[in-house]
Structures are given as C-alpha cells and as structure tokens.
Amino acid sequence: MSKRGASPPPFTEGTLIKRARSNSPARNQIAISSGNDERQKGLIRSVKRTSNLEAPIISLSGSHSAEILSCRFDPTGQNIAACSADRSVSLWRTYPPNTNYGLLSSHHKAPILDLQWSLFSPLLYTVSADQILSFTDVTTGQRTRKIRAHRGIINALDRTMAGGAGNGSKNSVAVFELGCPATSVAWSADGQNLYIGALDNEIHVYDLRKGEQVYSLTGHTDTPTSLALSPNGAYLLSPSFSSHTIIHDVRPFAPTPTRIHRVLQGAPAGFENTLLKGAWSKDDGGQRVAVGGADRMVCVWDVDSGRVLYKLPGHRGTVTCVDFHPKEPIILTGSKDGTMLLGELDPTV
C-alpha cells in the first residue's frame, strides 16, 4: 500500500484560492428567513426594495397623545408634518434616522383638524376647531400669521399657486355661503375653481372669477369626508361616510353627464363619522389612490381598473389620513392610535 502524499504547502504568493459563492441578497433587497441560527436558516423569500427608506415599513410614534387627524409630506418629500387632537404639530424626517426634529405643542386652542405645506416657502398652514387659520415658519417654529374669518369649526384647507401672490391682508378674497357646514375643499389645477364638499352630500364647484357656483358633483349618498385632485388636474377623489369613494371627472368636457369616473369600495367609514382623508400617488402620475378605513387598514386601488391593489394593516385604530411621497413609491398613513406608518409599495403590482 502506498503512503499518503505529503500535505500541501502553506499559502505562498501566487497560490489560487477559490472562495465560496455568497448567497447574500443584493443591497436593495431583504431576505426573510426562518430561525435565528445562521447555520440552520431557511430562505422564505426575498423582498426587493423600491425606496430609500431604512426598512420597508417604519413606525413613527411617541409625539402625540391623541389621534392623528392629518399627515403630509412636504413638496420635496424630505419632511413630514402631522397634526393631532392633542393640539400639537410634529415634524419628522422621511429618511434615516427618521428623527422627530420638531414638536409645536399647544399650537391651537382646540384640536388641529388639517394642515398643508406651502408650495413655495418654509411655511406650514394649520386649521383648527378654534376657528383659526395659522401660518407657521417651520425653520423657527414661530407662528407668523393668524387669521380668524370663519364663524365655526374649520374642517379642511388647501393651497394653490395659480392665483398669484396676495397682498398680505387678513381680509377674505371671497366668501361663499353654502347653507350647510363644509367638510372638505380642493383647488382646481388652474386655481380658478374651488371644490367644496358639504353636509348636503354634494360637491359644490365655485368659479372665483364669477364669484358664484357653476355646477355641483353628485353621486354620494352621505357626506364627503375629503377632496383630493389628481396630479394632472383631471379627476377629483372623494371618500364619504357611506364607505363609497368616488372619482369624479372634472375636465371641462366630461364624457358622462354625472361626471362619475369610478366608484370604489373597500374602505369602510365606520360609525365614528371621522373625516377620512384620501390621496393620489404622485411618483407614477396618479395611477393609484388610497383611503384609510375604520377596519384599521389602508385600501389602495388602481384608478384605471378600480381593482384593489393593497389592503395594508399595521394600525390599532381607524386610519384617518393617507399621503403619497412626491418622488418615490412610499405611502404615509396616520391613525387614531396616535402613530404614523411609512411603507414602500411595489410599482409593478
């Protein structure tokens, strides 16, 4: 029997070593595995990342002691603002480390019902049940203007740049009497028309040049809770207390007399009569819409087909508000549980 050969020589310069192939996922993917032992892990599936968030789902909590009533991205998508029934406004970073860099406590004397970022300056607009519209400089945290023009609770606000700059006066440019409480407002793309959802189940369309109502959008059997204009300015999204979400065609010449483009179902309004806020996706030109519901989930639809794309869980209370990131497939949701969730969507779904 021949002897076994000598052991190979130690590593010297020029020796070729074959490394084992790495099975780790790409940097833009997450591997979901079973077990904590690295040697016994079994790959369940790999999730492809679609955004620059630190994780596919991020919870933003700890700032508010009551329900969040509105939350929105700023025009750049770098910051988030949220308002609550605890009369405060919180400011957050969208991307890591997702810090809560600002908290405006006792900003109003009553619950803050809605907010909007300015389109051209570092201002934040808020409205409250104390009948006040407030302008706040987010760089200093100081209130710059306070306007009291309403005789009752202010449920919603919207802003536009199409109408030109104002003269700085606190006087109203126009006053429209509906005869019943208004629950939601939205500007048209050209800033010439104003859409107002009201307690009479209709959406009233006012022409600022004429100073009068030109037509109304019907179809709801209960009060519209919010209004949101599509990125191209052609369609108007309106959830309602009836748990039906309607997309109206607001182009000058609509193909149907009722102007109803889609009727969507899947987001129950519940019995709390909460003014649920819907939103259009922006990174894809408005191909999707989303509305939260009393089932503690967010429903995302495809606009062209009316098909439900997602039912997103995660909250422990009614989802009151939704917004989409202006540049990435990221959805932001706020709830009565006092928290917000950031989640990334798959554009191919």
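Helices (H or I, at least four residues) and strands (E, at least two) are DSSP runs, numbered from the N terminus. The model is predicted, with local features requiring pLDDT of at least 70 and side-chain atom pairs pLDDT 80 or more, while totals for chains, interfaces and linings use all residues. Residues are numbered from 1 along each chain as its sequence is written, and side-chain values use heavy atoms, without hydrogens and water.

1. There are 2 aromatic pairs in the structure (ring centres of Phe, Tyr or Trp, the last by its six-membered ring, within 6.5 Å; planes under 30 degrees apart are stacked, over 60 edge-to-face, the rest tilted). Y125 and F135 have ring centres 4.9 Å apart and planes at 70 degrees, so they are edge-to-face. Y125 belongs to strand β9 and F135 to strand β10, 10 residues apart. Both Y125 and F135 are buried (under 20% relative accessible area; exposed is over 50%, partly exposed in between; 1.4 Å probe, protein chains only).

2. The rings of F176 and Y206 are tilted, because their planes stand at 35 degrees, with centres 4.4 Å apart. F176 is in the loop between β11 and β12 and Y206 in strand β14, so the pair ties together parts 30 residues apart in sequence. Y206 is buried, at 7% relative accessibility.

3. The charged end of R93 sits over the ring of Y101, 4.0 Å from its centre (CZ of Arg or NZ of Lys within 6 Å of the ring centre and within 35 degrees of the ring normal). R259 likewise lies over the face of Y215, at 4.8 Å from the ring centre.

4. M161, in the loop between β11 and β12, is partly exposed, with a relative accessible area of 49%.
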